[in-house]
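Me: I would like to learn how to read the sheet and the helices of a model, one feature at a time. Could you give me the general idea first and then the case at hand?

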Amino acid sequence: MRELVVISGKGGTGKTSVTASLAVLAGNAVLADCDVDAADLHLILSPQVRERHDFFSGNEAVIRQADCVACGGCLAHCRYGAVRRNGRGAGDAVFTIDPAACEGCGVCVRFCPVGAIDFPERNCGVWMVSDTRCGPLVHARLGTAAENSGKLVSTVRREAARVAGEQGRELVIVDGPPGIGCPVIASVTGAARVLVVTEPTVSGEHDLERVLALADHFKIPASVCVNKWDINPGMADRIEGRARERGAEPAGRIRYDAGVTRAQLRGLSAVETDTPGAEDIRALWRQLALTEG
């Protein structure tokens, strides 16, 4: 099994648009949306969910009101402002914990004199296995104010690999998160190749440098695609030059094409239409296949 992870140094470069088209062109791949903080691959692929699982990570404090003696110890020890007090004095106050503010450190649990604070696992979201017209899709949704997106990303990748093994599919295509943080590291570690989608701007060049440094750190081969290259051809040339200096392979260019957006509004990828940019993406796919070969 090979795993291609599509990433970008910043959001809004067209990463998901490219991933959806590659999924259509691959035909027999397992797809994984690892941008769990803002997943949107499903908007194009219209998945039909067949498995849904809760994602638990970390803990959260919950005060049992029947046992609480309203001493205020939890309020005094909390450093995250998660404890709320209703009432004037300690004796007649009601203490609760705001789950969005609780960091799950457990200090209040440790210092409660009557043991009136429970510390259950935190339900941080949900991950799903779905069917799409392009093949199976493993995707997830992180809960509001939830953390541990890196762990959820690892879960999505693990399940995608499991599905690929069970169904005998040789390729997993991952729509990774933007940036270079923990979710990105969880997305690329151990991958066969990363495809970095960038744009011909000063910020695009800067963010490309950062994400290629990340790929180099983990010894992952990298290819680069310049999206909307024709809005600044000189910068596109410069970015491809910097990519080569970094040891990355320029794999293709995609022109600016409003037809890509029109296709997505219809729930389609670019290559499922006759928009001009679709041919650029097909050429990108052929180059990626040649590189892997």
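**Strands, helices and rings**

Reply: Strand β11 (residues 193-198) and strand β12 (residues 222-227) run parallel and are joined by 5 bridges; two strands count as paired if DSSP finds at least two bridges between them. Within this pairing, Leu195 has Ser223 of β12 as its bridge partner. The model is predicted, so local features need pLDDT of at least 70 and side-chain atom pairs pLDDT 80 or more, whereas totals for chains, interfaces and linings use all residues. Residues are numbered from 1 along each chain as its sequence is written, and side-chain values use heavy atoms, with hydrogens and water left out.

Me: What is the order of the strands in the open sheet?

Reply: Strands are DSSP runs of E with at least two residues, helices are runs of H or I with at least four, and both are numbered from the N terminus. Here the open sheet has 9 strands in the order β3-β8-β9-β2-β10-β1-β11-β12-β13, with mixed pairing. Its edge strands, each pairing on one side only, are β3 (48-59) and β13 (249-254). From one strand to the next, the twist averages 20°.

Me: Which strands does α1 touch as it packs on the sheet?

Reply: Contact means heavy atoms within 4.5 Å, and angles run from 0 to 180 degrees between N-to-C directions, with axes as lines fitted to C-alpha atoms, for helices over the stretch in contact. Helix α1 touches β1 (2-8), β2 (30-33), β10 (171-178), β11 and β13, and its direction makes about 175° with that of β10. Helix α5 (residues 149-167) also packs on the sheet, touching β1, β2, β3, β8 (121-132), β9 (135-142) and β10, at about 165° to the direction of β9.

Me: Why is α1 described as largely enclosed by the rest of the structure?

Reply: Buried means under 20% relative accessible area, exposed over 50%, and partly exposed in between, with a 1.4 Å probe and protein chains only. Because 9 of the 12 residues of α1 are buried, the helix is largely enclosed by the rest of the structure; among them are Val18, Ala20 and Leu22. In α5, the buried residues include Leu152, Val156 and Arg157.

Me: Which ring does Arg110 lie over?

Reply: A charge sits over a ring if NZ of Lys or CZ of Arg is within 6 Å of the ring centre and within 35 degrees of the ring normal. Arg110 lies over the face of Phe111, at 5.2 Å from the ring centre.
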